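Me: I've got a structure open and I'd like to check where some of its labels come from. Can you walk me through them?

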Amino acid sequence: MPKDVMCEVSSCNYWGNGNLCQADQIYVVTHVEEEKARTTEETDCHTFKPKLH
Ligand code: SF4
């Protein structure tokens, strides 16, 4: 398990200062239907939750 997850999605509820994710765990998915992801752009964090404020 990674020690720190770096993330620049500051609009996420789990985002923390220094670009550190504060979630206990994250779930990363591919959004390429019925194919394997081949590039960074084809993956996404599924744990993302919009900030409420
Ligand atoms: S949950 Fe995902 S999108 Fe949100 S801060 Fe963590 S890594 Fe980034």
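Me: How many salt bridges does the structure hold?
Reply: The structure holds one salt bridge. Before we go on, this is a predicted model, where local features need pLDDT of at least 70, side-chain atom pairs count only at pLDDT 80 or more, and totals for chains, interfaces and linings use all residues. Residues are numbered from 1 along each chain as its sequence is written, and side-chain values use heavy atoms, with hydrogens and water left out.

Me: What makes Lys3 and Asp4 a salt bridge?
Reply: The term asks for a side-chain nitrogen of Lys or Arg within 4 Å of a carboxyl oxygen of Asp or Glu. For Lys3 and Asp4 the closest N and O atoms are 3.5 Å apart, so the pair qualifies under that 4 Å limit. As background, side chains of opposite charge can pair when their charged atoms come close.

Me: Why is Lys3 called exposed?
Reply: Buried means under 20% relative accessible area, exposed over 50%, and partly exposed in between, using a 1.4 Å probe and protein chains only. Lys3 has 76% relative accessibility, so it counts as exposed.

Me: What share of the protein chain is buried?
Reply: Buried residues make up 9% of the 53 residues in the protein chain.

Me: How do you know which residues are around the ligand?
Reply: A residue is near a molecule if one of its heavy atoms lies within 4 Å of it. That gives Cys7, Cys12, Tyr14, Trp15, Cys21, Cys45, Thr47 and Phe48.

Me: What kinds of residue make up that shell?
Reply: Seven are nonpolar, one is polar and none is charged. In this scheme Ala, Val, Leu, Ile, Met, Phe, Trp, Tyr, Cys and Pro count as nonpolar, Asp, Glu, Lys and Arg as charged, and the others, Gly among them, as polar.

Me: Where does the ligand sit?
Reply: The ligand sits in the largest pocket. A pocket here is an open set of points on a 1 Å grid over the protein atoms alone, where a 1.4 Å probe fits, with protein on both sides within 12 Å along at least five of seven lines. To sit in it, a molecule needs more than half of its atoms within 2 Å of its grid points.

Me: How many helices and strands does the protein chain have?
Reply: Zero helices and four strands, running β-β-β-β from the N terminus on. Both are DSSP runs numbered from the N terminus, helices being H or I with at least four residues and strands E with at least two. The C-alpha trace spans about 35 × 25 × 15 Å along its principal axes.

Me: What makes the phi of Asn19 worth a look?
Reply: Phi of Asn19 is near 60 degrees, a positive value in a residue other than glycine. Asn19 is in the loop between strand E1 (15-16) and strand E2 (20-21), and its relative accessible area of 29% is why Asn19 is called partly exposed. Glu34 has a positive phi too, of about 55 degrees, and is not a glycine. Glu34 is in the loop between strand E3 (28-30) and E4, and its 84% relative accessibility makes Glu34 exposed.

Me: Which residues does Asp44 touch?
Reply: Contact means heavy atoms within 4.5 Å. Not counting residues up to four places away in sequence, Asp44 touches Tyr27, Val28, Val29 and His31. Asp44 lies in strand E4 (residues 43-45), and at 35% relative accessibility Asp44 counts as partly exposed.

Me: Where is Lys49, and which residues does Lys49 touch?
Reply: Lys49 is in the segment after E4. With residues up to four places away in sequence left out, Lys49 touches Ser11, Cys12, Asn13 and Tyr14.

How values were computed:
1 Å grid on protein atoms, 1.4 Å probe; cavity = no way out; pocket = protein on both sides within 12 Å on 5 of 7 lines; lining within 4 Å.
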